[in-house]
Amino acid sequence: MFCRVAEQAKLLILCCILSSAHGKNPLWFQNISTNLFKSPGDILLGGLFPINRLTSNLTERMEPDDIQCESVDQNGLALAIVMKYTIDEINATPNLLPNVTLGFENYDDCGQSGIIMKPTLRFFTTAVSDDVDVMCNYTEYMTRVHAVIGPYSSEMAGVISQLVSFFLMPQVSYGASSDGFSDKLTYPSFMRTVPSDSWQAMAIVELLQVFGWNWVAVIGSDETYGKQGQQQVSQNAANGGICVAYEGLIPVYEDPVPIISEILDGIVEAKVGVVVVFASSQASAAFFKEVIRRNMTGVWLASTGWAVHSSIVTLPGIETIGTVLGFTAMTQPISLLTPYVQELFTKMAQQRLQMQITQPDPDVSPLENPCPGCWNLSPANVSIVETELVRRSAFSVYTAVYSVAQALHNMLNCSATGCARDPKAENIYPWQLLPWVQKVSLTLNGTQINFDSAGNPNIGYDLLAWVFQNNSVTFQNIGTFVQNLTIDKILIKWHTKNNMVPTSTCSSDCLSGQVRIVKGFYSCCFDCSDCLGGTYQNRTDDIQCTKCPLRQWSTFRSTSCVFPTYEYLAWSSFESVALILAGLLLLSCQAAMGILFFQHRGTPLLKALGGPLCGLGLLSLMGSCISLVLYLGQPNDVICRIQILLYIMFPTVALSTLLAISMQIVYVCEFPEKAPENMENLQGLGSWSLVLACCGVQSGLVGWFLIEGPSLTMWVDSLEVDFVKRFLPCPVEPILNFGLMVGFNGLLALICFMCTFMAPKPVRQYNFARDITIASLIYCVIWVIFIPIYAGLGDKEQTIAKVVFNLISNTALTVSYYLPKCHLLVKEPDLNKNEYFASILEGIPPIPPEDPPQDKNKPDNKNDNKEGDKNEDKEETKEDSKEENEEDNN
């Protein structure tokens, strides 16, 4: 009893001493409440903090409430007190929310999904009860709180954020940094006051590049924060040419020691000197216990999750692990935090003495009292807000609360004396507050705070180094990262001989035109790799091949790029010689035919062929043959234009002459009564008009092609250069227009075929329809075969194919149409008379006369008569021929 009284007297004396310092503190310190976790107000904010640690075994959980969190986490408690301090400061600031009181309710999340769901659901209860209403429309649903501050971990944020987003309630986390929360489709109401881990991954990779460490291990914790962070670091490292030799995940919800042993074995086997540990503090503490036990040393790069966490810093033997470099979110000091906590704990101690209250019931619900053990806090516990972790994290909580308060100030249209909207008189719904929070901008302690469209702040990182002194750890700021890394290397004390920068590389000497590449799951040690076409080795230490500049290319294993060169069908090449010989042979035959036709000009055969029209057709075939020389030698813009013009137009002229004859045959067969009197016009003006019409249409198509298609120079300039040497053809673009031109010639041939293949065979007259049918059919078949062959060839082969198929189709027309006429003129000149071509020359239908009916009872006589008629016809034909020859001789 005496000891108890003495202890209370000491505490009372201490409180009096601390109370004497009130004159140095703001007046509003005197009005602060000693309730750590709740404060009434016109607008409530809900806070989620890891106030306690898990003390039960989750594997033995049988009921929803079989989770115990009975060990106080001083860091989480301190951050909850920071929120209380911030709200008390806001309420004491008259011009921020005048006549509006900001309240709060802070709860413990224990870092467990089974715990955090309870306070989260309570946030969604109605403002006047503890019930969550089930409604079809929550637009006018008034929740208990207007915004959520927290939680600290990405794992817990992932559990509740989608539920919070359902109500479009503003959620501002002070620690959840996983990049996944930047997805506004999934988390539309989520914001944070710490940078996204995508930035941290960039910062870590840039730090590796600064010191030339390209052979590293990346370790993460097996939860949202660690897994996403590890993946981003590995991906960025691979993109930056850094070799990730080993990757591992530290278990969080089961015994981590066996897996940690495997991870450390892998690190040793990989022989890396630098290890990135992107993990939570809990996983990192277990990891470094094993590192210390194995007496491993190296360079350890710490993520924000454990860079200054006391659970790792205070591990026995931590000074033996080597060099530790870590990142923490940029922060600003909160100067009144420590005096505030001193005043708060002093008041709590005074109330315990004055009211003689007893310790709260330990079985009370965590929702009513998240920390029963906090009842006996005293000024001696002020140090919980003075640790390095709290000092560097407090500003994030401070910023989160002020962001909501400033958004309320803007939304309520507040001035220095009052607000235009009164939350006591009208309902203010969370979804109405959300857009104001998302676009809020404020200045705190000289720092301008803004948020981007993903809810991420414009806050960077501090880079710090651990300094080991007298079995303790202090932290030295050595750089910053805001989009780019700046570092003062002189401030780093390396735990190596002569303070030399450690190395962690893996490389090999490569041959000329080879570079080093990485291997492994994400990246790897450097091996020699050949530079493929389009890339080259720029420097001997390149880790990837350099792309060639625009309009340049390189060959396999090159050390430089060159402008491309173009080849063409040279006159002396084997292909050109073969094409020239074939063309000359065909041209010689056509020239001989032309001479023969010229010698027999004016004869019935030549008249039937159209006279000059026949000569025009043959000349066009000869011109087509001659024009093929345009495909030889170096092409240019003019040659390409002329080339396509002649390539298309010459066959068009030849086919149109055949079409003119075909139309005469159709006219004679279909209109036998009118044919005799109209044949002269049809053979003259009609035929020439048809030829001109066909040539006119094709000329229009050719003109359209030339207008739409690029010139050779333009086509070459538009080529994607992925070659050093290439065959240079004349461009056949647009391919649709080219197809129309070739198709038009095919159409002419097809019409000729359709006009003649059903024509009746003339009796004792020359069969023009047969020649045209065969010629047009062969022509169509040739160009139908051409299409698939042409489509599957390269540039050079396509050019040769065009010449070859042009020669073949030219030969086909020459042989099947003109050669039979030459045969008649040379071998059977006696048939070159008007009667033999009467159907064309005079329009006489090529239909045999009907025989008179015969008696059915005399079949033998009929056959005899037929045989007799045939013999008589032959004799008459021979006699007529002889008479004509005698007359010619006379």
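Reader: Taking a salt bridge as a side-chain nitrogen of Lys or Arg within 4 Å of a carboxyl oxygen of Asp or Glu, how many salt bridges does the count come to?

Author: The count comes to 21 salt bridges. This is a predicted model, where local features need pLDDT of at least 70, side-chain atom pairs count only at pLDDT 80 or more, and totals for chains, interfaces and linings use all residues. Residues are numbered from 1 along each chain as its sequence is written, and side-chain values use heavy atoms, with hydrogens and water left out.

Reader: Which side chain does Arg122 meet in a salt bridge?

Author: Asp130, at 3.9 Å from N to O. Both belong to a network of salt bridges that also links Lys38, Glu105, Arg144 and Glu368.

Reader: Is Arg122 buried or exposed?

Author: Arg122 is buried, with a relative accessible area of 11%. Asp130 is exposed, at 52%. Buried means under 20% relative accessible area, exposed over 50%, and partly exposed in between, with a 1.4 Å probe and protein chains only.

Reader: What about Asp265 and Arg294, what is their N to O distance?

Author: That salt bridge is 2.6 Å, N to O. Asp265 is in helix 7 (residues 257–270) and Arg294 in helix 8 (residues 281–294), so the pair ties together parts 29 residues apart in sequence. Asp265 is partly exposed at 41% relative accessibility, and Arg294 is partly exposed at 27%.

Reader: How do you assign helices and strands?

Author: They are DSSP runs numbered from the N terminus: helices are H or I with at least four residues, strands are E with at least two. The chain comes to 23 helices and 24 strands.

Reader: Which helix holds both Glu388 and Arg392?

Author: Helix 11 (residues 388–411), where the two are four residues apart, about one turn of the helix. Arg392 counts as buried, at 7% relative accessibility.

Reader: Change of topic. Where does Phe124 lie?

Author: In the loop between helix 3 (113–123) and strand 6 (147–149). Phe124 is buried, with a relative accessible area of 1%.

Reader: What is Phe124 in contact with?

Author: Leaving aside neighbours within four places in sequence, Phe124 is in contact with Val132, Tyr141, Thr143, Leu163, Val164, Phe167 and Met169. Contact means heavy atoms within 4.5 Å. The C-alpha atoms of Phe124 and Arg144 are separated by 5.9 Å, though these residues are 20 apart along the chain.

Reader: On to the core. How many residues does the largest nonpolar core have?

Author: It has 68 residues, and those with the most contacts inside it are Phe597, Phe738, Met741, Trp783, Tyr817 and Tyr818. Helix 16 gives the largest share of this core, 12 residues. A nonpolar core is a set of buried Ala, Val, Leu, Ile, Met, Phe, Trp, Tyr and Cys residues joined through side-chain atoms within 4.5 Å.

Reader: And what does Tyr818 touch?

Author: Not counting residues up to four places away in sequence, Tyr818 touches Met593, Phe597, Cys614, Gly617, Leu618, Leu621, Thr657 and Leu813. A second, separate core has 66 residues, including Leu36, Ile87, Val390 and Leu412.

Reader: How many aromatic pairs does the count come to?

Author: 44 aromatic pairs. Rings of Phe, Tyr and Trp (its six-membered ring) pair if their centres lie within 6.5 Å; planes under 30 degrees apart count as stacked, over 60 as edge-to-face, and the rest as tilted. One of the pairs is Phe29 with Tyr340, edge-to-face at 5.6 Å centre to centre and 75° between the planes. Phe29 is in the loop between helix 1 (2–19) and strand 1 (38–39) and Tyr340 in helix 10 (residues 337–355), so the pair ties together parts 311 residues apart in sequence. Both are buried.

Reader: Which rings are linked into a cluster by ring pairs?

Author: Those of Tyr631, Tyr647, Phe738, Tyr779, Trp783, Phe786, Tyr790 and Phe805.

Reader: Last one. Which charged end sits over the ring of Tyr647?

Author: That of Lys802, 5.5 Å from the ring centre. The rule is NZ of Lys or CZ of Arg within 6 Å of the ring centre and within 35 degrees of the ring normal. Likewise, the charged end of Lys489 sits over the ring of Phe211, 5.4 Å from its centre.
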